Amino acid sequence: MGRAVAHKNQSISERGQIALDKLHNSGYLGEIERMIHLVRDKDAGFRGAAPHIEAINKAYGCSPAPEHAVMVAVDGSQVYPDFHAAALYYMTNIGIFVYYHGGDELPLGESDPYLYYTDADLRERNGHGSLIKNTVVNARRDVQEIQVLARVCRDYQDLDVPLIGVMDGPLLWWLSGDVPNAGRLIGEYYTALENFYGLHNQYANNASLIGYVERGDSRFVIRLLHLLTLADEDVTRQELDNAGPFEGLTDDWLFARFLEPGERSAVMIQQSPQNRDYKQKIGDPFEIAFFYLNAGSFTNDHVVRIEIPMWVAQNPEAIDQVHSLMLDQCSIAARYPYMLTRAHELAVITGLEKRQLDDMINTELFKNQQLPEKSPKLVTKEQTRAGRKQYRQPTP
Amino acid sequence: MLRASTEGFTCGTRSQEIEYPAFGSFVQTAHPNNDLIVLGLITAIRIDDDPLVRQLIMANNFNGNTLRDQRENRLVPVEIEVLNIGYVQSDVPYYNLPPRPPLSLDPVTLCNPAEIEYFTQSPNFLRLILHGGGNSTVDLLGAAIRKASDARAPELQREFLVAAGRQLAGMLSHDLTMLQQVLSMIRPN
């Protein structure tokens, strides 16, 4: 296994150098745009990046952070419904953390829990179908996160400092077909985006929304570089189904070598049907763009992807604010935004809290003459998880 | 109150609330439904770390916001160890271990000067400190006697310190080294 991994890494290193050279030499935006139009005309299923305004072969340094800013982060966690529990329910909890950059003001930390227990909440087909899957709970939680973010940010609408709402994960959100009422959930997500944009339009300063994506294995730029190696006649769906000579490389790998600590890549736009939907169904300001950021140090590179809606991408001042403020956040603790760490901490429902919640539910069931009873399967599982005492022979 | 036995108890508080409790301070706890007041001395104050605090220290870049967030918003656990030195029941002080421990979640408060003076009217309160103070016995005796002295009017302090020294001389007649260390700590100014 060690030999195989070493061989793979050596191969990646050689091909990666070619990719890096290609990126360094991709300075002519006109040629890149011509290839992007070609691949769109041919409907060749391109899933890579397209440049926005900036040259993609440049790294962009960090401007000084604004003196003051308000940054709001949200994160969510959940308890999934369990058929074997005494009561059927699920729970979501949204952690909210507001950080006042540039002062000594006490940050605000809150959590926003929701308990769902009616058939309409728990069963498909408006309460008449089978129990909802965990993916449904995840999808509802994701929508709640952005709804809460938009609502909390609105509390700061009278300020005149940059306002940044931070989601943990991609902004370009979509659902697979196995989620019932996916269209309604996506509609609610779009509405929350529109609410945030409405806040931006009324706001005296920039109100920016970002999705913070770490440890992604995305290959948007790798795929673009592959496209740029092709002759026009080779631009086909079959050819673009993989990354060609750069297969196995990721954007993280590439930009860890391209960006110095603190630098960002050019702002680019992901080419996908989902992103096209964002643009066509909600409007131009909602197409999702992104840039890579090296939030690491000189001894330890750390590349993350920052997703931003087009209303931010088209505003150089807002991009600078996002760039500098996220770097500042990553410098506080372990190269990860402090505000997201705290939002996660506020959101997470620990095992102990879950047991306390179950105790409270059981108490309420007793009060209402209901006998809470776990299934024998769950009881047995809990007993085996409780740990065993080992009886050993004493050591002589 | 987090944990308790008849010999002592552990109470918890938030990190920003530890400005006043100090090593050797007199504290008391009473259950609202009975007249038993347990008195003790703070023998240790511990602030536990956690992974996030460790990360912040390693990054060495935290600012006023994060400092306040850690201290005021996060439940940074502070644990205070208390050694029981007696109790008050029906307004009578007893210098023995309490008949039963305080209960979980009972509030723990610092004793005011009048309460300290009342309880330390007899030097017998030193006995349980001597037996239960562990490795910090000398420091604990010194701190407790000083605080008991400070709780009195200035003109009574010298008399109290001398009486405490005499009591210690009898109790520590077998350990002159320890006696000398404690006496040096409580010597009147």
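**Entry 1: a serine in the sheet**

I looked up A:Ser208 first, and at 2% relative accessibility this residue counts as buried, where buried means under 20% relative accessible area, exposed over 50% and partly exposed in between (1.4 Å probe, protein chains only). I note that this is a predicted model, in which local features need pLDDT of at least 70, side-chain atom pairs count only at pLDDT 80 or more, and totals for chains, interfaces and linings use all residues. Residues are numbered from 1 along each chain as its sequence is written, chains are lettered from A and ligands numbered from 1 in the order in which they are written, and side-chain values use heavy atoms, with hydrogens and water left out.

A:Ser208 lies in strand β6 of chain A; helices (H or I, at least four residues) and strands (E, at least two) are DSSP runs numbered from the N terminus. Leaving aside residues up to four places away in sequence, I find A:Ser208 touching A:Leu163, A:Ile164, A:Gly165, A:Phe196, A:Trp311, A:Val312, A:Ala318 and A:Val322, with contact meaning heavy atoms within 4.5 Å.

**Entry 2: the sheet**

Which strand order does the open sheet have? I read β1-β7-β8-β9-β6-β5-β2-β3-β4 (chain A), nine strands with mixed pairing, two strands being paired if DSSP finds at least two bridges between them. In chain A, β1 (49-51) and β4 (108-116) stand at the edges with a single partner strand each, so one side of each has no neighbour in the sheet. From one strand to the next the twist averages 30°, the axes being lines fitted to C-alpha atoms (for helices over the stretch in contact) and the angles running from 0 to 180 degrees between N-to-C directions.

Strand β5 (residues 163-168) of chain A runs parallel to β6 (residues 207-214) of chain A, and six bridges join them; A:Met167 stands opposite A:Gly211 in β6(A).

Next I followed strand β2 (residues 69-79) of chain A, where 10 of the 11 residues are buried, so this strand is largely enclosed by the rest of the structure. β2(A) is joined to β3 (residues 90-101) of chain A by 11 bridges in an antiparallel arrangement, and to β5(A) by five bridges in a parallel one.

**Entry 3: the cores**

Which residues touch the most other members of the largest nonpolar core? Of its 84 residues, these are A:Val72, A:Ile306 and A:Ile308, a nonpolar core being a set of buried Ala, Val, Leu, Ile, Met, Phe, Trp, Tyr and Cys residues joined through side-chain atoms within 4.5 Å. Helix α5 (residues 134-154) of chain A supplies the largest share of this core, 10 residues. A second, separate core has 41 residues, among them A:Ala243, A:Leu249, A:Phe258 and A:Met268.

For contrast I looked up A:Asn201 in helix α6 (residues 182-202) of chain A, which counts as exposed at 52% relative accessibility.

**Entry 4: the second chain and the interface**

For chain B I count seven helices and seven strands, running β-β-β-β-α-α-β-β-β-α-α-α-α-α from the N terminus on. Its C-alpha trace spans about 55 × 40 × 30 Å along the principal axes, and buried residues make up 41% of its 189 residues. Among contacts in chain B between residues at least 6 apart in sequence, 73% join residues at least 24 apart.
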